[in-house]
Amino acid sequence: MRIININGPINSGKTTISKLLCAALPQALFIEVDDLLSDAEQEKLGLSMQEGWQERTKRLADKINQEKLKGVYNNIVFAYPITKNLYSEWKEFEDGKTTFINITLSPALDVCLKNRGSRKLDTWEIRRIKEMYKEGYQNPQFADLIVDNSRQTPSETLNSILLFLEK
């Protein structure tokens with residue numbers, strides 16, 4: 001089994017590429033991390049932004065463990081910006097039957113700050129994207145593959161990832 005994270009800053013194309021990747025891979029499941037804990041539930045639980053991120057990743061780990069036990073999928077794909085610490089935690093999922101792959105989408109900052117597709121960025125998202133670029137989310141040292149998708153169509157980005165996964 002492969003667990004594949006599509007990493008990158010907000011508005012880099014993570015969800016779009018993750019869904020395309022799931023459609024292209026055999027026996028693949030896409031897990032929408034943001035659906036594991038809604039903003040309303042986070043607020044109801046009184047969780048800070050950091051605590052919300054931690055709760056989402058905990059729920060994601062639980063979901064992946066459930067799916068591993070079921071043994072239905074060969075590929076589990078999720079889209080979530082991760083840090084080096086989270087990368088190390090996800091690497092712990094590796095065993096003789098499971099591999100964790102971290103693929104980072106890295107469009108240029110000016111591309112990421114534009115409304116892409118149907119997404120309309122709000123002020124908080126614009127501020128957070130700039131912070132994420134300063135923090136290095138677009139170019140982490142722990143990525144298995146970094147794709148500059150600034151001038152690529154989603155299909156071209158998908159093809160780059162599929163070629164990498166075939167190796």
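Author: Begin with one residue and its contacts. This is a predicted model. Leaving out residues up to four places away in sequence, E67 touches M1, L29, V72, Y73 and I76. E67 itself belongs to helix α3, which covers residues 49-70.

Reader: Is E67 buried or exposed?

Author: The cut-off for buried is under 20% relative accessible area. E67 has a relative accessible area of 4%, so it is buried.

Reader: What does the opposite case look like?

Author: Exposed requires over 50%. K97 has a relative accessible area of 70% and is therefore exposed. K97 sits in the loop between α4 and β4.

Reader: How do I read a helix that has some buried residues?

Author: Start with the general idea. An α-helix has 3.6 residues a turn, so residues three or four places apart point the same way. Now take helix α4, residues 84-91, whose buried residues are L86, Y87 and W90. Viewed down the axis of α4, these buried residues fall within an arc of 105°, so they line one face of the helix.

Reader: Which elements do the buried residues of α4 pack against?

Author: They pack against α3, β3 and β4.

Reader: And how do I read a nonpolar core?

Author: In soluble globular proteins, nonpolar side chains tend to be buried together. Here the largest nonpolar core has 18 residues, and those with the most contacts inside it are I4, I6, L21, V77, I103, I161 and L165. Two or more residues each come from β1 (2-7), α1 (14-24), β3 (75-79), β4 (99-105), β5 (145-147) and α7 (154-166).

Reader: Which element gives the most to this core?

Author: That is α7, with 4 residues.

Reader: What is I6 in contact with, leaving aside its neighbours within four places in sequence?

Author: The contacts of I6 are K14, S18, L21, V77, F78, A79, Y80, I103, L105 and I161. Apart from this core lies another, of 17 residues, with I3, L29, Y80 and Y87 among them.

Reader: Can we finish with a strand residue?

Author: Take A28, in strand β2 (residues 28-31). Not counting residues up to four places away in sequence, A28 touches C22, Y73 and N75. For distance, compare sequence with space: A28 and R128 are 100 residues apart along the chain, and their C-alpha atoms are separated by 30 Å.

Terms used
Residues are numbered from 1 along each chain as its sequence is written. This is a predicted model: local features need pLDDT of at least 70, side-chain atom pairs count only at pLDDT 80 or more; totals for chains, interfaces and linings use all residues. Side-chain values use heavy atoms; hydrogens and water are left out. A nonpolar core is a set of buried Ala, Val, Leu, Ile, Met, Phe, Trp, Tyr and Cys residues joined through side-chain atoms within 4.5 Å. Buried means under 20% relative accessible area, exposed over 50%, partly exposed in between (1.4 Å probe, protein chains only). Contact means heavy atoms within 4.5 Å. The arc is that of the directions from the helix axis to the C-beta atoms.
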